[in-house]
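Q: How do I read pockets and helix packing in a model like this one? Please take me through the terms as they come up.

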Amino acid sequence: WLNAALDREAAGAIFARARPVPRGLERAAYVALALAVGVATAAGARTTVCVVASALLAVAYSHPRLAWKGHPLGGPLVNGLGYGILSPLVGATVAPGAPSPRLFVTLGLWSVWLLGAYFAAQAFQEADDRRRGYRTLVVTHGPAAALRVARRLMGAAILGALVLTVAGVYPRLTLLAYPGFLLADAWMARWQREPDGGGPRWAVGLFVRM
């Protein structure tokens with residue numbers, strides 16, 4: 001909600017129809033973040049730390065005075081650390097048993113994959129980001145570069161998971177999923193040839209195949 005309030009985007013987005021941004025959305029966003037922290041306190045100190053950190057990253061990402069979303073390092077940091085590590089780590093803090101080494105390896109792979117997804121999602125937004133004064137990768141280097149980096153990051157994460165699956169770190173049954181990733185990579189290869197980064201449908205197609 002903070003992100004929507006910052007961008008005031010009236011056009012359609014990934015998995016979202018075009019609609020006006022409602023009034024008071026910022027206040028609703030801060031109430032939601034406060035409620036999240038309140039719920040987390042019932043789950044213990046480790047959970048609360050993760051949720052508070054995530055909430056602070058959300059504010060830094062979308063507050064008009066900070067707007068890390070448009071920063072070349074701030075945007076990737078928030079997505080890689082917030083979505084990639086802190087969000088799933090909250091689940092680990094409430095799960096029974098001690099965290100295993102496999103958990104931390106998985107978090108590392110997931111954060112790399114998610115960084116790739118972040119760069120892919122901005123590939124068709126060069127004009128909008130430039131108009132807002134953002135310094136995202138798609139603005140500084142263009143849609144083709146953003147998609148190239150996205151494809152390499154997502155591919156590296158998937159290849160790492162495949163190697164670990166063959167080695168027995170992950171259940172071998174998950175090998176059945178990897179042909180699907182080849183279809184997703186072929187979609188990305190086609191997407192890279194689209195002028196101006198294509199459009200939201202290319203991102204939706206990628207995430208559906210993933």
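A: Start with the pocket. On a 1 Å grid over the protein atoms alone, a pocket is an open set of points where a 1.4 Å probe fits, with protein on both sides within 12 Å along at least five of seven lines; lining residues have an atom within 4 Å of a point. This is a predicted model: local features need pLDDT of at least 70, side-chain atom pairs count only at pLDDT 80 or more, and totals for chains, interfaces and linings use all residues. Residues are numbered from 1 along each chain as its sequence is written, and side-chain values use heavy atoms, without hydrogens and water.

Q: How many residues line the largest pocket, and which lie nearest its centre?
A: Rolling a probe the size of a water molecule over the atoms shows where empty space is left. Here 46 residues line the largest pocket, and Asn-3, Ala-4, Tyr-61, Lys-69 and Tyr-83 lie nearest its centre.

Q: Which residues lie nearest the centre of the second largest pocket?
A: They are Trp-110, Trp-113, Ala-157, Ala-161 and Phe-181, out of 13 lining residues. α5, α8 (143-166) and α9 (178-192) each supply at least two residues of that lining.

Q: At what angle do α5 and α8 pack?
A: Two packed helices are described by the angle between their axes and the distance between the axes. Axes are lines fitted to C-alpha atoms over the stretch in contact (heavy atoms within 4.5 Å), and angles run from 0 to 180 degrees between N-to-C directions. α5 and α8 pack at about 155 degrees, with axes 7 Å apart. They are therefore roughly antiparallel (over 145 degrees).

Notes. Helix = DSSP H or I, 4+ residues; strand = E, 2+ residues; numbered from the N terminus. Parallel < 35°, antiparallel > 145°, perpendicular 65-115°, else oblique.
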